[in-house]
Amino acid sequence: MIILLYHDIDTSDDPSEKTDAATLGTVARLTEFEAQMKFLSDNGYKAISVERYLENMRQNDVSPNQVVLTFDDGHASNFKYAFPILKKYGFSASFFIIADRIDQIHHMTSAQIRTLRENGMEIGSHGLTHTWLPLLDRTNIVHELKQSKLFIEKKVRAPVTTFAYPGGHYTGAMMKEIRNQGYRAALSCILGINTGTTDPYLLRRVEIRRGTGSDDFEKALQPFSIRMYSVIDQAKTALKQFAGLERYEILRHRLYQFYPFKR
Ligand SMILES: [Zn+2]
């Protein structure tokens, strides 16, 4: 299964507040996002949420025409721009929310998140504060996992069962803790495809970045090209161990020049 990752979406009249090149790269243009969803629909794809994918896996009913859509960080644009397009095509998606940014500037309100849920979208946790978990001690990791789940569940009045690692950073010990806290899956930023043997607490995703044209989007849906480019991702992982988390973040953005799913 291919799981696509989006963040913020903007338009020329309504630009993202992100201005530095590194984070602006994560912001899809509305025109691009619209074309990508139309491409999925025109080509017979059905977009589903992570929870639906897990359910399909349990029932041995995974279709090659399905793709999972995920949005990290809970930007206001997810409700304003992505939601109407998803509704138009009858698509579902998972939205990973940073608990302490609900009702804050540039982020979705409690009511908007609830509306998403009431319209068949999944709401997951992206942490309490978006702190990279490997930087925290065990007590604070548990606090992030537990309190974000409880807080978001209270806001959406529905269970929260999936988690997306802030910054994509994780450790093996953390994966066990996520399971202990009652989550059924966790999503990484490791580039790759998910199969029956993929650890549900380390699901792979394909990030769709700003400037992704139709040819590159098509590549993002091809297992062959994802596998090919996952070599780059493995180099990133090696780099993380070598350079340490802070320096790795700077280097990671330089590596995006080799990233295929953008122009
Ligand atoms: Zn994030």
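## A first look at the chain

With 20 C-beta neighbours inside 10 Å, Ile-2 counts as buried (that takes 20 or more other C-beta atoms within 10 Å of a residue's own, while 12 or fewer makes it exposed and anything in between partly exposed, with C-beta atoms placed from the backbone). Ile-2 sits in the segment before strand S1. Keep in mind that this is a predicted model, where local features need pLDDT of at least 70, side-chain atom pairs count only at pLDDT 80 or more, and totals for chains, interfaces and linings use all residues. Residue numbers start from 1 along each chain as its sequence is written.

**The overall picture**

- The chain's secondary structure comes to ten helices and ten strands; both are DSSP runs numbered from the N terminus, with helices (H or I) having at least four residues and strands (E) at least two.
- Of the 263 residues in the chain, 38% are buried.
- Take the contacts in the chain with a separation of 6 or more: 66% of them are between residues 24 or more positions apart. Two residues are in contact here if their C-beta atoms, placed from the backbone, lie within 7 Å.

**Back to Ile-2**

- Which residues is Ile-2 in contact with, leaving aside its neighbours within four places in sequence? They are Val-67, Ile-193, Val-206, Leu-221 and Ile-226.
- Ile-2 and Gln-222 are 220 residues apart in sequence, yet their C-alpha atoms are 8.7 Å apart in space.

**Strands side by side**

- S1 covers residues 3-6, with Ile-3 and Leu-5 pointing one way and Leu-4 and Tyr-6 the other, and all are buried.
- S1 runs parallel to strand S5 (residues 66-72), and four bridges join them. For two strands to pair, DSSP has to find at least two bridges between them.
- Opposite Ile-3 stands Val-68 in S5.
- S1 also pairs with strand S10 (residues 206-207) in the parallel sense, over two bridges. Leu-4 has Val-206 of S10 as its bridge partner.
- S5 pairs with S6 too, again in the parallel sense, this time over three bridges. Here Thr-70 has Ser-94 in S6 as its bridge partner.
- Strand S6 spans residues 94-97: Ser-94 and Phe-96 point one way, Phe-95 and Ile-97 point the other way, and all are buried.

**Helices packing together**

- H2 (residues 30-42) and H4 have axes that come within 11 Å and cross at roughly 20 degrees. Axes are lines fitted to C-alpha atoms, for helices over the stretch in contact, and angles run from 0 to 180 degrees between N-to-C directions.
- H2 and H4 are therefore roughly parallel to each other (angles under 35 degrees count as roughly parallel, over 145 as roughly antiparallel, 65 to 115 as roughly perpendicular and the rest as oblique).
- The contact brings together Leu-30, Phe-33, Glu-34, Met-37 and Ser-41 of H2 with Tyr-81, Ala-82, Ile-85 and Tyr-89 of H4.
- Sorted by class, the residues in the contact of H2 with H4 are seven nonpolar, one polar and one charged. Nonpolar means Ala, Val, Leu, Ile, Met, Phe, Trp, Tyr, Cys and Pro; charged means Asp, Glu, Lys and Arg; and the others, Gly among them, are polar.
- H6 (138-156) is a helix that packs against helix H7 (residues 172-180) at an angle of about 40 degrees, with their axes 10 Å apart. H6 and H7 are therefore oblique to each other.
- Where do H6 and H7 meet? Ile-141, Val-142 and Leu-145 in H6 meet Met-174, Glu-177 and Ile-178 in H7.
- The contact of H6 with H7 has five nonpolar, no polar and one charged residues.

**A lysine in H4**

- Lys-80 lies in helix H4 (residues 76-89), and counts as partly exposed because 15 C-beta neighbours are inside 10 Å.
- From Lys-80 to Met-108 there are 28 residues in sequence and 9.0 Å in space, C-alpha to C-alpha.

- Most residues other than glycine have a negative phi.
- Asn-60, not a glycine, has a positive phi of about 60 degrees. Asn-60 is in the loop between helix H3 (50-58) and S5.
- Is Asn-60 buried or exposed? Asn-60 counts as exposed, because 7 C-beta neighbours are inside 10 Å.
- His-130 isn't a glycine either, and has a positive phi of about 70 degrees. The loop between strand S7 (122-125) and H6 is where you'll find His-130.
- His-130 is partly exposed, with 18 other C-beta atoms within 10 Å.
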